[in-house]
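Dear colleague,

I am handing over the structure we spoke about, and below it you will find notes on what turned up. Please read them with the structure open beside you.

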There are 2 protein chains.
Amino acid sequence: MRERERIARFFAPLTDGEPGSYHLTDDAALLEPPAGKKLVITTDSVIEGIHVLPGATPEQYAVKLMRRNLSDLAAMGATPWRYTLNLHTPPNLPDTWFAEFAATLAEEQQQFGLVLIGGDSTSGPAPIHTTLTCFGVIDGHPLRRRGAHAGDDIYVSGTIGDAALGLLLLQQKSTAMSPLIERYHQPQPRLSLGQALRAHASAAIDISDGLLTDLAHLIDASHVGAAIYRERIPLSPAAQQMLQHNSTAWDAILNGGDDYELCFTAPPTARTFLHTFAGTLSLPLTRIGSVSPAAGLTLYDHERTALPLSPNGWEHS
Amino acid sequence: MRERERIARFFAPLTDGEPGSYHLTDDAALLEPPAGKKLVITTDSVIEGIHVLPGATPEQYAVKLMRRNLSDLAAMGATPWRYTLNLHTPPNLPDTWFAEFAATLAEEQQQFGLVLIGGDSTSGPAPIHTTLTCFGVIDGHPLRRRGAHAGDDIYVSGTIGDAALGLLLLQQKSTAMSPLIERYHQPQPRLSLGQALRAHASAAIDISDGLLTDLAHLIDASHVGAAIYRERIPLSPAAQQMLQHNSTAWDAILNGGDDYELCFTAPPTARTFLHTFAGTLSLPLTRIGSVSPAAGLTLYDHERTALPLSPNGWEHS
């Protein structure tokens, strides 16, 4: 199928009739933000062999691409609205790949409430290389990495490390079906949480590079420090099981990426709200430490001994 | 240099203090379009070995990336405003590459009036792969591919085929300095022309894939046909010289891409304005044919004989 036909057949339907997309037949798209709203813009690439495994299915590809970007909107408290797509594929990729990729994007759009407005496609040598640029809308101010104050609590949503442990299993060619592998393939952008946190949190970041690295970014941007307690980090039953067999799993939990949970800070006055809201969302929000005035990240073990960290927030184990 | 340091040193200055960029330290950027304006959004990738030659200099890379996108804004009549950048580079690329790439982007920004607001960078196997998403602003309606009417004149700006002939010279390892090679490396997005055409033209497209292909897109979108005259196609002295030695150069002129001139249609009542405006811009605007009611593109030679074209608007020679 030729490129134009492929766009018309598989991708133009993803515009869902949005007039400014011109049905993907023009040189650019037109965007009229809703009156009084600001746009929040994020962009991330997903490259075969880097962000997804070589030979990832088109479904896995589309899910990772979309959610990696949506997680950035979640961290800012924005609501997904529109996106553009850049797709580079090798010439021998069958039409069924595009059909399945687009079908998954259609499901993702439906679930998260956004539509495609434009993009570009190229054909050439492997690997598959895609970029999504995502437009969210927001009233008022976005949540930012900057804003944490000494004395604030530090929270994470969900459970930490599952995706990195899932990736370990995949790299070990494990054939077991594990919820950890599912977490690696199907991250959940915490959009409702991020939107609610704008009124309660002082700073937030999504955990894409690893808990320690991303928390280090947050405290750097806020010009504060942090003390967190390893035993308080929420772990799924599957992660706890892996830890029992293999204590080096801590490295993946602390430094592995791809969880796409939110790490955020909030004053102690927000505890009641956050406790109630966690119940509403059916999503654990766990206090793992607190913000300190002096710069630097300290990680304590179960005996309250500080564990060694590199200057970049990465533990050497 | 680590990725964060590289972003801070080379790319954060490209935000030029724009507050919504957050100096490239947050998860996303904030964009508040000027009151009453709409946004025009386009995105294009530039991949080493596809859109630039293998081993292209960082300057050539940055210029092609920026102007390829700006040309799409020109075709819609929009004014450049902001952009995001996705940069994928192999790990062995020296810091000087980034310094030179960013320095050229800084010059381009200055010349065309836009600033960087966000992006993402990844490191991995070659080739270099970059994507720019460009935001223009516009009052009222953009110029589109759709809108040409039977009886309209068909124009092109500048001269046609230079970039494709320059690429031929480069592929033949020609060591001669030629203005054709310069045209391949340094396309000129026709922004002032596009902005003025919004009040006078009925449809427009930029010539990125080749004159015949792009004109075919315009008439398809407008549900009309076109008759154009090969001898009226404006050629530079260097292109004319190549044609004298090699009549197959017509294929590159008609079907080669990368000129980034505008091809547009306008009613005959616009002739006086366009003649005067071409003088103001010091840019030839040449009438190469006219819009016909029946679908299909016809190309006539100097004896007014229709030349054979494939259904896709590509000449088989």
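Helices (H or I, at least four residues) and strands (E, at least two) are DSSP runs, numbered from the N terminus. This is a predicted model, in which local features need pLDDT of at least 70 and side-chain atom pairs count only at pLDDT 80 or more, while totals for chains, interfaces and linings use all residues. Residues are numbered from 1 along each chain as its sequence is written, chains are lettered from A and ligands numbered from 1 in the order in which they are written, and side-chain values use heavy atoms, with hydrogens and water left out.

I begin with a serine in chain B. B:Ser157 belongs to strand β6 (residues 153-157) of chain B, and it counts as buried because its relative accessibility is 0% (buried means under 20% relative accessible area, exposed over 50%, partly exposed in between, with a 1.4 Å probe and protein chains only). Its side chain makes a polar contact of 2.5 Å with the side chain of B:Glu261, and the side chain of B:Ser157 also reaches the backbone nitrogen of B:Leu262 at 2.9 Å. A polar contact is a pair of N or O atoms within 3.5 Å; within protein, one must be able to donate a hydrogen and the other to accept it, and residues adjacent in sequence count only if both atoms are side-chain atoms.

Turning to the interface, 51 residues from chain A and 51 residues from chain B take part in the contact, where contact means heavy atoms within 4.5 Å. Between chain A and chain B there are seven salt bridges, a salt bridge being a side-chain nitrogen of Lys or Arg within 4 Å of a carboxyl oxygen of Asp or Glu. B:Arg145 forms a salt bridge with A:Asp27, with the closest N and O atoms 2.9 Å apart. Across the interface of chain A and chain B, 22 residue pairs are in polar contact, both residues at pLDDT 80 or more.

Some backbone details also deserve a look. The peptide bond between A:Ala126 and A:Pro127 is cis, with omega about 5 degrees, and A:Pro127 lies in the loop between β4 and β5 of chain A. In chain B, the peptide bond from B:Ala126 to B:Pro127 is cis, with omega near 5 degrees. B:Ser282, although not a glycine, has a positive phi of about 55 degrees, and this residue is exposed, with a relative accessible area of 66%.
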